[in-house]
Amino acid sequence: MTSTSEKTVPGPAGRAADGPDTGRGRRVRHRDHTIPPWLFVVPALVVYGIVVLYPSLAGVMYAFTDWSGIGGFSFTGTDNFRALLDDGRALESVSNTLLLTLAVVVVQNGIGLLLALGVHTSIKSRAVLRLVFFAPAVVSPVMVAILWKYVYNPENGAGLNGLLGAVGLGGLRQDWLGNPSLALWSVAAMVVWQYAGYSMVVFLAGLQGVPAELHEAARIDGAGSWQRFRYVTWPLLAPALTINLMLSTIGGLKLFDQVYAATNGGPGTSSETLSTVLYKEAFVYGKFGYSTAVALVLALFVAAVSLVQLRYLRAREVTA
Amino acid sequence: MSTATARGPAKAKPGRTGRRPKYGQYALELLMIAVAVVFLFPVYALVTLAMKDPRQISESPLSLPSPPTFGNFGDAWSSASLGPALLNSTVITAVSLLLLIVLGSTGAYYLARCARGLGYGLYILFLLGIVLPFQLGMIPLYRLVDDLGWLGTYQGMVLFYTGIQLPFTVFLYTGFIRALPQDYAQAALIDGCDHRQAFTRIVFPLLRPITGTVIILNAVFIWNDFFTPLLYLGGSDKETVPVGIFAFVGQYVSDYGLVFAGLVLAALPILIVFVVLQRYVIKGFAGGLKG
Amino acid sequence: MTTGSRFRPDRRTLGRRGLLRIGGGAAALAALSPVLTACSDSGGSGKLRLVGVADQQKPVEELVARYRTSHPDAEFATSFAPTDQVQTVLRTQLAGGNAPDVHVLYPGSGSAMSMVELAKAGLLADLSEQSWTKEVPSNFHPAYRHEGKTYLYSAGSSVIGAIHNKKAFARAGVEPPRTWKELLDVCAELKAKGIIPIALGTQTPWVTQLISYALVPNAVYARNPAFDAEMASGKAHFRDSGWADAMGKYQELQRRGFFNENPNGTTYEQQTSMVASGRAAMAVQVSAVLANFRQAARNPDDLGMFPFPGGDDAAKLWIPAGIVVGLGISARSRNSAEAKAFVEFLGRQQNVDRWARSVAAIPFKRDAATRTDPALDGFLPLIDDNRAVPFMDQSWPNAEVQPAHFAAVQDLLAGKTDVDGALGQMDEAYGKKS
């Protein structure tokens, strides 16, 4: 941990947006004055500690028990973790979890960025368009899944299939949720639809921090729109990009509501993810202890992935 | 420093590329509208389903409703007690947001400016909160809220949402505070302001765009959350909107017209907040740096 | 169960309050809480807390209203939600030692909120003293009772059969079949007329099991009533039992093209709509869904229901009849007297009838005034003749077999496994300790 922090600090990490000029190193010397007193962080830390840290730590205990979730239990040491190594269902779900996350992270942020760039212009409909793109994020994920089952109705004349038929793309009709090799991707598409606008909002907040004058200056210097994007906008979007990538990665790895409500992990076990497995263990099979062990492993895994990602992205913010 | 002055008088509309609209702009507008139409298809499904009775839904779920039934909205309103539920949801969401903004931005101010040692450690500690699966602490937390006697109360929900969303909020704020120019705050500190004044007068106003984002993204989560209010508020008179709507979703018998009508009604307040915030955020940026 | 040496996660013994005080902030909050709760209602005294699944909302609300006319000072705080969420919330509340006074309870064993599971953990109040419990027929005892004590209140049983669209049958000029052979003929006839013979919506997990359940009574229990005991002792297995026969028939219906295309992508709602609109002729379903099918149809009387003929002898047909989801009283209820009085009230004949009628179930006891749903007329003789078998999951030893069955059927329909493989998955789940 300490080595991590040491490496990140030199050259005030993540302050790329201070400006494309140099001369940042000097600021380090002023630190003593500019660092706010630690009292600033205390209230947040207290509430966070009570609501998240303490209960989670207390909950970790169950990972070492055979508790069903009700009644008594006894401590079983590391049995749950050893059982996990032999649990085909849990292990299979890991690859689904990774594929789903990858698809969601790439597509959601790609679309989110394009949407943000599209509506961060002076086109007339921009206010309405922002609303349209963001609207799906406002509906509860479980309800989105219920709604999308109407969209994914496999009958030829219904839902998306009906629409494809109507515009002459009948050949693309699919059994969206029923085909075991397609179900996971159908869920991914649904998630992207719901959260592309979410990514857009974060990118927009980043774009609003890009001074128009920089664009103007670059234009006068003869930069084309791609060059302006690449050398002016993109570097300054680094914080927003970090936030979006981190959030969608973590969200993807933990994705539960949409998968559970849309496919319940099916057909068969073809769209089972770590989150659906650990939910089922806890609340359907009544193996709370084991489920906690799965949750713990999931948490460590997600933490590892996000730390690596964070280091990379923050390094990028500095050099971009 | 150059960026500071460059940002100062930013009055031009963001991203505006020229005085006269160009053909490229019309093409872009058309393209974006086309994308929007694709995005709207499920929304169309939602709204049409909300205007149908069970028989119409059964016969042709996604056709235009003929005749449209607006009765679902009234029925959903009364049978899910949406009036009181909206009040409960509003109180819980608004108070939680207020606390999140205050605690999140101040905490992030420290974490962003103190990026080594303790500061970095705490930052990672907060990040951990986004990573942890909710199941892990669910039962101990439930017992804690019960011990406090806060089941079925606003304060129990506010405490829960503030705590559970703080990591996310701190993460958003920290990222953006890092990207802010430090010069203003430094100048203020040199002028004799203490950190509290520098934060409230200089830094916080600069955070408008991200505060807007913090509000809207947290509001969406808190407003839509179904599980926690059912767990903590179920059966009390403090039930929130999703609890009312989900009660229509049976395993065997459901009236989805009613469910989706309720959903449309529930989504409207958040959408209005979004529209207002988008304006505020943009204005905030243009006018917030007068100095 | 030997709990002597084991920890009980009792709220007062885990030293949680001690832990709580370690955090100074938490202690401050705890100190504040009496002040703050003085003006808030934590649902404690007086009000009877009831948590049920959405499907129970109609009968419970009706009966609560009736109860309050005779007990005007009884106050209820009820909440209803979809099955999965209720299950999660209740498990958390039970674990946290704060269960509602009255809550949804599933009959028999085999699920995380089932009567046996909770009774074993000592979480349910004994209802055996109530008079209605004496009238539960003995073949239903496994659903209501654990170790001789009654813990479940349920209004009666729901049958699985074929819900059919009479107009679609008439268009094809066919009558409800009475044997497996007739069923195949009728389906062929319907298919020839361009009507989907059997709508199937196995995208919705619980729908997957219904055809198995409709076939297994004839394939297994008609031949061997002791099958459950043999399974429990490890003498029998799904794989080499009559289950193979039933699953084979399930598969045969698909192979002959008697289901809609893509059943794994079709939801329960879409299945309902196919039958209600007459695009499909029938669906194998549980009688509790009749109300949903009726409200989806142009004319509710278009829909009927008949026993699904899994066997070859019409006079010896067996059917599945499962006790419907009911209610239990928490062992730690602070209002247990009031809760018991309410359940006693629910046990009166006319209230049993009311609840049963609203979910199209057959009351566990009937008298001259009992009127069951007319669609169920064809089932009553079989029930009275003791040719009804409880839903199979209600006697399964752990909560993993049923989901394994769901997945096995979906895999079977997707062609990802065969009958042997599907039943192997179920045997494996059956063998796991609960």
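Guide: Start with a definition. Two strands pair if DSSP finds at least two bridges between them. Helices (H or I, at least four residues) and strands (E, at least two) are DSSP runs, numbered from the N terminus.

Visitor: What should I know about the model and its numbering?

Guide: This is a predicted model, where local features need pLDDT of at least 70, side-chain atom pairs count only at pLDDT 80 or more, and totals for chains, interfaces and linings use all residues. Residues are numbered from 1 along each chain as its sequence is written, while chains are lettered from A and ligands numbered from 1 in the order in which they are written.

Visitor: What is the order of the strands in the open sheet of chain C?

Guide: The order is β2-β1-β3-β11, four strands with mixed pairing. β2 (76-81) and β11 (326-329) of chain C stand at the edges. Each has a single partner strand, so one side of each lacks a neighbour in the sheet. On average, neighbouring strands are turned by 25° against each other, direction ignored.

Visitor: How many bridges join β1(C) and β2(C)?

Guide: Six, in the parallel sense; β1(C) covers residues 48-53. Leu48(C) has Phe76(C) of β2(C) as its bridge partner.

Visitor: Which strands does helix α4 of chain C touch?

Guide: Contact first: two residues are in contact if their C-beta atoms, placed from the backbone, lie within 7 Å. Angles run from 0 to 180 degrees between N-to-C directions, and axes are lines fitted to C-alpha atoms, for helices over the stretch in contact. Helix α4 (residues 83-95) of chain C packs on the sheet and touches β1, β2 and β3 (102-105) of chain C. Its direction makes about 140° with that of β1(C). Helix α14 (residues 336-346) of chain C also packs on the sheet, touching β1, β3 and β11 of chain C. The direction of α14(C) makes about 155° with that of β11(C).

Visitor: How do I read burial?

Guide: Count neighbours. A residue is buried if 20 or more other C-beta atoms lie within 10 Å of its own, exposed if 12 or fewer, and partly exposed in between; C-beta atoms are placed from the backbone. In chain C, buried residues make up 56% of the 434 residues.

Visitor: How many residues of strand β10 of chain C are buried?

Guide: Five of its five, residues 319-323. Ile319(C), Ala321(C) and Ile323(C) point one way, Pro320(C) and Gly322(C) the other.

Visitor: Which strands pair with β10(C)?

Guide: Strand β6 (residues 156-165) of chain C pairs with β10(C) in the antiparallel sense over three bridges. There, Val159(C) is partnered with Ala321(C). Strand β13 (residues 388-389) of chain C pairs with β10(C) in the parallel sense over two bridges. Here Pro320(C) has Val389(C) as its partner.

Visitor: How do I read a contact between chains?

Guide: Count residues on each side, then sort them by class. Ala, Val, Leu, Ile, Met, Phe, Trp, Tyr, Cys and Pro count as nonpolar, Asp, Glu, Lys and Arg as charged, and the others, Gly among them, as polar. 33 residues of chain B are in contact with 47 residues of chain C. α7(B) supplies the largest share of the chain B side, seven residues. That side has 18 nonpolar, ten polar and five charged residues.

Visitor: How many residues do chain B and chain A bring to their contact?

Guide: Chain B gives 96 and chain A gives 90. The chain B side has 68 nonpolar, 21 polar and seven charged residues.
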